Amino acid sequence: KLLEQKGFLVFVPDLPGFGGEPLPKSALTLNDYVLFVKDFVKKNIKGQYVLIGHSFGGRIAIVFSASSQRNLRGLILTGAAGIRHPLPLRSKVAFIFAKYGASIFTVSPLSKLREFFKKLLYRFAGEFDYYRAGKLRQTFENAIAKDLREYLAKIKVLTLLVWGDKDRIVPVSDGYFMAKHIPRSRLVIIKDAPHR
């Protein structure tokens with residue numbers, strides 16, 4: 001709304017599996033999402049444009065922008081995912097417990113508590129987005145599997161990186177890393193801002 005008030009034409013497409021865009025029967029990959037955005041741009045945008053990507057959308061925007069995109073004037077990444085990190089210890093512990101402890105909850109009456117403990121475990125591991133993904137889980141795994149460091153130097157357009165210093169989903173250190181490796185980029189840190 002703020003951009004529209006400034007006279008910009010703004011498109012906010014729903015990605016497959018989000019909002020009103022249905023999820024195909026087979027799991028998607030990151031490249032499927034990039035192709036979806038390319039197709040959307042081709043059908044809807046005439047002339048120059050700026051692409052904004054937040055979190056998972058930032059992951060798509062990185063790959064999209066790394067290939068030469070005609071008319072792409074600039075890129076804005078906010079809390080953009082793309083740098084793979086080793087699993088923290090608590091995530092490793094939670095996943096081991098999930099793998100070997102699941103059999104406990106197949107026995108009645110504990111089976112009724114299975115979903116509750118599963119939710120608790122993913123929250124503890126800091127992987128609640130994965131839990132909430134539901135039918136999108138395999139797509140989620142496919143899309144986040146790739147580390148995108150190799151794409152950063154290929155982004156040639158002016159890039160603004162915006163990060164909250166309280167981002168607990170995508171650490172601000174990723175913003176510094178991207179600023180160092182995207183040639184024409186600038187990083188702005190928002191004080192007391194989370195991953196929104």
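Analyst: Two strands pair if DSSP finds at least two bridges between them. Helices (H or I, at least four residues) and strands (E, at least two) are DSSP runs, numbered from the N terminus. This is a predicted model, in which local features need pLDDT of at least 70 and side-chain atom pairs count only at pLDDT 80 or more, while totals for chains, interfaces and linings use all residues. Residues are numbered from 1 along each chain as its sequence is written, and side-chain values use heavy atoms, with hydrogens and water left out.

The sheet is open and has four strands in the order S1-S2-S3-S4, with parallel pairing. Strand S1 (49-54) and strand S4 (185-190) are at the edges with a single partner strand each, so one side of each has no neighbour in the sheet. On average, neighbouring strands are turned by 15 degrees against each other, direction ignored; axes are lines fitted to C-alpha atoms, for helices over the stretch in contact, and angles run from 0 to 180 degrees between N-to-C directions.

Taking the pairs in turn, S1 is joined to strand S2 (residues 72-78) by six bridges in the parallel sense, and His 54 stands opposite Thr 78 in S2. S2 and strand S3 (residues 158-164) run parallel and share five bridges; here Leu 75 faces Thr 159 in S3 as its opposite residue. S3 pairs with S4 in the parallel sense over six bridges, and Val 162 has Val 188 in S4 as its bridge partner.

Helix H3 lies across S1 and S2 and runs at about 140 degrees to S1. Contact means heavy atoms within 4.5 Å. The axes of H3 (residues 56-66) and H2 (residues 30-44) come within 9 Å and cross at roughly 75 degrees. That makes H2 roughly perpendicular to H3, a term for angles of 65 to 115 degrees; under 35 counts as roughly parallel, over 145 as roughly antiparallel and the rest as oblique. From H2, the residues that meet H3 include Leu 30, Tyr 33, Val 34 and Val 37, and those in H3 that meet H2 include Phe 56, Ile 60 and Phe 64. The residues of this contact divide into nine nonpolar, one polar and two charged, where Ala, Val, Leu, Ile, Met, Phe, Trp, Tyr, Cys and Pro count as nonpolar, Asp, Glu, Lys and Arg as charged, and the others, Gly among them, as polar.
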